[in-house]
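Q: I am new to this structure and would like to learn how its helices can be read, one feature at a time. Could we look at it together?

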Amino acid sequence: MDPVNHQDTGPSVSPRILVVDDHLIVLDGLRRLIDAEPGWQVAATCKTAAEAIEIVSTRPVDLVVADLRMPEMNGLDLIRRLHGDRPGLACVLLTADISEQELAEAMRLGVRGIVLKEQAPSALVECIRAVMAGRTSVVDQGLSAEIDRIRERDIERRSVLQKLTPRELEISRLAAAGLRSREIAVRLGIAPGTVKLHLHSVYSKLDITTRVELANIFQRLQLGSN
């Protein structure tokens, strides 16, 4: 996700926007903010994810603005559910804070924009305008930097997965978890020497020499499980 380019406003759009937040005061404020933009329309406001799912299934909606933290079903789970039926639906997350894990999940789900609640109301307007123009938008520089780090990690993760065979990956996961060659051999029903041969191949492919390095890579890239 890239920061909003204030010079590129994109094509003229008249979005129908669904707003989802479990606080009525926030919902009313967001409705007023969006309605103040010429041509923009609030398709509906919803206090729960269930209401939002019903609205999207019965009314034309171009973009969903959803609070990340809601009871019963959070914003990420809601977006996952909505994209199951409408994969191309544009979605923006509104949140007071977001963890690295949640940020990575938002990227995987195709969230197009993230706005922090501490930001000025204009940040949400800019984000919606960017998303409706076909771009992605994260106005906060700290979040943008974190997204760049997640992207770099995902690229490295894919590279490791492409280099290793399924058997090498299986053995590497067990070795990274602390199992010795003999324990791995017993678990997989192969000879300890075969385990060592596979690990030697892994070390060569990843340009490392020790199990500590292997464990560090698998922990950093979250390769410990399928």
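Q: Which helices do the buried residues of α7 pack against?
A: In this predicted model, the buried residues of α7 pack against α6 (141–163), α8 (181–188), α9 and α10. Helix α7 itself spans residues 166–176, and its buried residues are E168, L169, I171, S172, R173, L174 and A175. After α7 comes G178, which has a positive phi, near 105°.

Q: How do I read the packing of two helices, and where do the axes of α9 and α10 come in?
A: Two packed helices are described by the angle between their axes and by the distance between those axes. Here the axes of α9 (residues 192–206) and α10 (residues 211–220) come within 11 Å and cross at roughly 65°, which makes α9 roughly perpendicular to α10. The crossing of α9 and α10 is left-handed. On the α9 side the contact is made by L199, V202, Y203 and L206, and on the α10 side by R211, L214 and I217. Sorted by class, the contact of α9 with α10 has 6 nonpolar, no polar and 1 charged residues.

Q: Which residues of α2 are buried, and which exposed residues does the face turned away from them carry?
A: In α2 (residues 49–58), the buried residues are A49, A52, I53, I55 and V56. Seen down the axis of α2, these buried residues fall within an arc of 165°, so they line one face of the helix. The face of α2 turned away from the buried side carries the exposed residues A50, S57 and T58.

Q: What do the buried residues of α2 pack against?
A: They pack against the strands β1 (16–20), β2 (41–46) and β3 (63–67), and against helix α3 (75–85).

Definitions and conventions
Residues are numbered from 1 along each chain as its sequence is written. This is a predicted model: local features need pLDDT of at least 70, side-chain atom pairs count only at pLDDT 80 or more; totals for chains, interfaces and linings use all residues. Side-chain values use heavy atoms; hydrogens and water are left out. Buried means under 20% relative accessible area, exposed over 50%, partly exposed in between (1.4 Å probe, protein chains only). Helices (H or I, at least four residues) and strands (E, at least two) are DSSP runs, numbered from the N terminus. The arc is that of the directions from the helix axis to the C-beta atoms. Contact means heavy atoms within 4.5 Å. Axes are lines fitted to C-alpha atoms, for helices over the stretch in contact, and angles run from 0 to 180 degrees between N-to-C directions. Angles under 35 degrees count as roughly parallel, over 145 as roughly antiparallel, 65 to 115 as roughly perpendicular and the rest as oblique. A crossing is left-handed if the near helix is turned anticlockwise from the far one by less than a right angle, and right-handed if clockwise. Ala, Val, Leu, Ile, Met, Phe, Trp, Tyr, Cys and Pro count as nonpolar, Asp, Glu, Lys and Arg as charged, and the others, Gly among them, as polar.
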